[in-house]
Amino acid sequence: MPVTFTFGEWFSARTIIGQTLADLGDEYPNLWTVTPDIGMTLVEFREKFPDRFIDVGLAEQVAVGVAAGLAYEGNIPVVSGMLPFLSMRTVEQIRSDVCYPNLPVKIIGTHGGLVGNGGSTHYAVEDLSLMCSLTNMTVTSIGDPLMVGDILRQSMKMAGPIYIRLGVGKSDQAIYEPGTHDIKIGKGIVAREGSDVTLFAHGTTVAQALEAADALEKDGHSVRVIDMFTLKPIDADLIEKCAKETGGRFVVVEDHLAYGGLASRIADVVVDRGINLTAFKRLGIPQVFAGFGNDEELRDKHGYGLSATIDAVKAVIGAKA
Amino acid sequence: MAGSTLVNDGQQHSVAELEDLAFELRSKLLYLCGTYEGAVHIGGDLSVADILTALYHYGMNVDPNNIANPGRDRFILSKGHAAVCMYIAMAMRGFFEFDDIVNTYGQLDSAFGMHPCKVQLAGVEASTGSLGHGLPIGVGMAKSARQRNESHRVFVLMGDGETGEGSVWEGAMAARSSELGNLVAIIDRNRQLMTSHAEERVALEPYPEKWAAFGWNVIMADGHDMASLVASLDGLPPASSDRPTVIICETIKGKGVDFMERNLAWHAGSLGQEDLAKAMASLESTRASKGSK
């Protein structure tokens, strides 16, 4: 799909998913889409390939089970839905029906993080922790809407399952000019170079991290921003490299529980590889049910918004070696 | 080892021959239950022994020499804890040797474990064990067959207790919505859960009506009467029809061994040498007084 790029332009990730799947459906005659009544993104696919589209209605467990059955028969099913339900109500189907036989089921959905103002039933905040714990599962969280197409396309070649997490997906900021970054599942993206500190983010907090880095540059701070969109397998080499090149100073900001998400994945690498850090600070959702409010308000309230990110980076830069 | 392994030649058997095969299957089950030191789900194995015999030796088109044949019928053991019974039925059908099961069952790195795994054992269609998962998987397989204009059937065997899982009914709705006449659910209606008799805890009745209300074609069968099972399989509507079929098989948990029948103590267990002899004697006497069900 041709895209005219302007940084910060807003795109609908859902539209891009729909267009990408409709294109991939031609290329892959064994590509199916399955949804539990969240088929808005799939209209184009459904119209083009009605015999490879299944809407099971409000039945997430059967959506994943059906996808497993399709995959057993050599098909590539993409299950699309809302992640608070698709990641939790079906976690056992994902584990035992999909991951255990290592089937190429792709799970993609929206509402990762405190987004959409639906209240705590409608925020997926534990999902990355759950999915990262599953054997055979690849776990991603995408911020740049234009990237979603790349990731879906790459996932078609994968033998096993993948989890693709988005924010609301209706209107997201474009970050990378197509073709300028090497976007590969399993590899972190250096979204911005910098040498004083590394700021790690994924999904919806990548744009915020870049904004923080811009603000900090005005104060003379050089902030590297890593879009660690693949949480599993984690790009451990990049983490080690960043530790060496940015003085062992790490900040992680994510729209997920602060414990169990990217910060925890990075901490695991730090411990396992014996990486010496000068300072490490994690920003994310505390162990609370977050309440109502818009995305920005909730991030600020819970201490991982823009100003909190700037403060955390300053504190880490100021930490004594 | 008890009895010889009959390798089926793919021909359809008479009811009398199927009864002999079911007897052999039960003998082998008891042998394994008597020689393996761990627990075997013997109660639920014995309740599906006739059903699995009828499927593997009569109702299903499978070819042990061409396991991945796209035209084969698919079988999902949704009540995965009856894996041993399926393994033995498959061995008797020629997928592998019974001794392969006996010699390695439950051991480190064995392909034969308490719940079946497709990755570890070729010929198994789906990894199962957690209840309520098989029917949705079967819906996916049946949908795939429809889309490819394949004419085989997908069989899913569930316990009646298993149908307490909500995902079974989600699957039942999905199958009807997709008009999957190529999908056949078989219920082992032994009326026992692990720790109780079914109706004491869960109001499954009116049971056939539940399936009918979900839009399924319902066939009632005696799950221990081979003629009834054969008639049910013969009576399946064409795979191209638009309604999924459920065959509700009335069964007895522990069928064939007097001290196990309807006995909650024998959901799973292990027979010692002495009890193995008693169980075999009971099985023999049940056969001698054939007709008593």
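**Notebook: a look at chain B**

I began with how chain B is tied together: of its contacts with a separation of 6 or more, 77% are between residues 24 or more positions apart. A reminder to myself and to anyone joining me here: this is a predicted model.

**Entry: the make-up of the chain.** I looked up the secondary structure next and found 10 helices and five strands in chain B. I then checked the radius of gyration, which is 18 Å for chain B, while the globule rule gives 19 Å for 293 residues. The two values are close, so chain B is as compact as a globular protein of that length. Along the principal axes, I noted that its C-alpha trace spans about 50 × 45 × 40 Å. I also asked for burial, and 50% of the 293 residues in chain B came up as buried.

**Entry: one helix.** I picked α1 of chain B, which runs over residues 15-35 and has 21 residues. How far does helix α1 reach from its first C-alpha to its last? I found 30 Å, close to the 30 Å expected at 1.5 Å a residue. Is α1(B) mostly covered or mostly open? I found it mostly covered, with 15 of its 21 residues buried.

**Entry: where the chains meet.** I turned to the contact, which takes 22 residues from chain A and 20 residues from chain B. On the chain B side, I saw that the elements giving two or more residues are α5 (134-147) and α6 (166-177).

Notes:
Residues are numbered from 1 along each chain as its sequence is written. Chains are lettered from A and ligands numbered from 1 in the order in which they are written. This is a predicted model: local features need pLDDT of at least 70, side-chain atom pairs count only at pLDDT 80 or more; totals for chains, interfaces and linings use all residues. Two residues are in contact if their C-beta atoms, placed from the backbone, lie within 7 Å. Helices (H or I, at least four residues) and strands (E, at least two) are DSSP runs, numbered from the N terminus. The radius of gyration is taken over C-alpha atoms; the globule rule is 2.2 Å times the number of residues to the power 0.38. A residue is buried if 20 or more other C-beta atoms lie within 10 Å of its own, exposed if 12 or fewer, and partly exposed in between; C-beta atoms are placed from the backbone. The expected span of a helix is 1.5 Å times one less than its number of residues.
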